[in-house]
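These are my notebook entries on one structure, kept in the order in which I looked things up.

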Amino acid sequence: MALAGKSAVVKSGANIINGLKEVKFTANGENIEVTTFQSAGWREKLQGLKDVALSLTGFYLPADTNGQVAIRTAWLNGTTISLTYLVDGTVGFTGTYLVTSFEIGSVVEGELSVAIELESTGALTLV
């Protein structure tokens, strides 16, 4: 059964990060080639390191102190932040992230926007 994206939630601790319109969760895995002469002409690989890239976009809300401001503060201080992405509001992933970018944009005919990029550090936990 398909799920509606409208139920997604991103939390910093117990606090919902407000104003988000789009979340992209990209799980990456690095493969290590271990092909030898005995591989009969086929490449052989082992899974190596894994990480996650998390992209958040939406409306910029400077009063969202426990959400957007907490992420911006983590970027400013070079510290990690624990985030939970619930794909349907209840099931998802929790992990620790480093903020790689925090972008605020404005256009004359529109709202202030925010685009945040994060990279995981350490293992993720299924929720």
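**Entry 1: Val9 and the ground rules**

I began with Val9, which lies in strand β1, residues 9-12; helices (H or I, at least four residues) and strands (E, at least two) are DSSP runs, numbered from the N terminus. The model is predicted, so I note that local features need pLDDT of at least 70 and side-chain atom pairs count only at pLDDT 80 or more, while totals for chains, interfaces and linings use all residues. Residues are numbered from 1 along each chain as its sequence is written, and side-chain values use heavy atoms, with hydrogens and water left out.

Is Val9 buried or exposed? Val9 counts as buried because its relative accessibility is 18%, where buried means under 20% relative accessible area, exposed over 50% and partly exposed in between, with a 1.4 Å probe and protein chains only. Leaving out residues up to four places away in sequence, I found Val9 touching Ile16, Thr84, Tyr85, Leu86 and Gly89; contact here means heavy atoms within 4.5 Å. I also looked up Val9 against Ile71, and these two are 62 residues apart in sequence and 15 Å apart in space, C-alpha to C-alpha.

**Entry 2: the largest pocket**

Rolling a probe the size of a water molecule over the atoms shows where empty space is left. I took a pocket as an open set of points on a 1 Å grid over the protein atoms alone, where a 1.4 Å probe fits, with protein on both sides within 12 Å along at least five of seven lines; lining residues have an atom within 4 Å of a point. Grid points are joined across faces, edges and corners, and a volume is the space filled by probe spheres set on the points.

The largest pocket has a volume of about 230 Å³. There are 16 residues in its lining, and the closest to its centre are Gly5, Ala8, Val9, Leu20 and Val23. The elements giving two or more residues to this lining are β1 and β3 (20-33), with β3 supplying the largest share, four residues. By class, I noted 11 nonpolar, three polar and two charged lining residues; Ala, Val, Leu, Ile, Met, Phe, Trp, Tyr, Cys and Pro count as nonpolar, Asp, Glu, Lys and Arg as charged, and the others, Gly among them, as polar.

**Entry 3: the nonpolar core**

Which residues have the most contacts inside the largest nonpolar core? They are Ile71, Ile81, Ile116 and Leu118, in a core of 17 residues. At least two residues of this core come from each of β4 (45-59), α1 (68-77), β5 (81-86), β6 (92-105) and β7. A nonpolar core is a set of buried Ala, Val, Leu, Ile, Met, Phe, Trp, Tyr and Cys residues joined through side-chain atoms within 4.5 Å.

Leaving aside neighbours within four places in sequence, Ile116 is in contact with Leu54, Ser55, Leu56, Ile71, Val99, Ser101 and Phe102. With the same exclusion, the contacts of Ser101 are Ala115, Ile116 and Glu117.

**Entry 4: helix α1**

The buried residues of α1 are Gln68, Val69, Ile71 and Ala74, and what covers them includes β4, β5, β6 and β7. Gln68 is buried, since its relative accessible area is 1%. Its contacts, not counting residues up to four places away in sequence, are Ile17, Asn18, Gly19, Phe59, Tyr60, Leu61, Phe102 and Val114. Just after α1, Gly78 takes a positive phi of about 70°.

**Entry 5: outward-facing checks**

I then turned to Ala40, in the loop between β3 and β4, which has a positive phi of about 55° although it is not a glycine. Ala40 is exposed, with a relative accessible area of 66%.

In strand β4 I looked up Leu49, which counts as exposed at 64% relative accessibility. Beyond four places in sequence, Leu49 touches Asn28, Gly29 and Glu30. Gly48, also found in β4, is in contact with Glu30, Asn31 and Ile32 when neighbours within four places are left aside; the C-alpha atoms of Gly48 and Ile32 are 5.9 Å apart.

**Entry 6: confidence**

Last, I checked pLDDT, the predictor's confidence in each residue, from 0 to 100. The protein chain averages 95, and 100% of the residues score at least 70.
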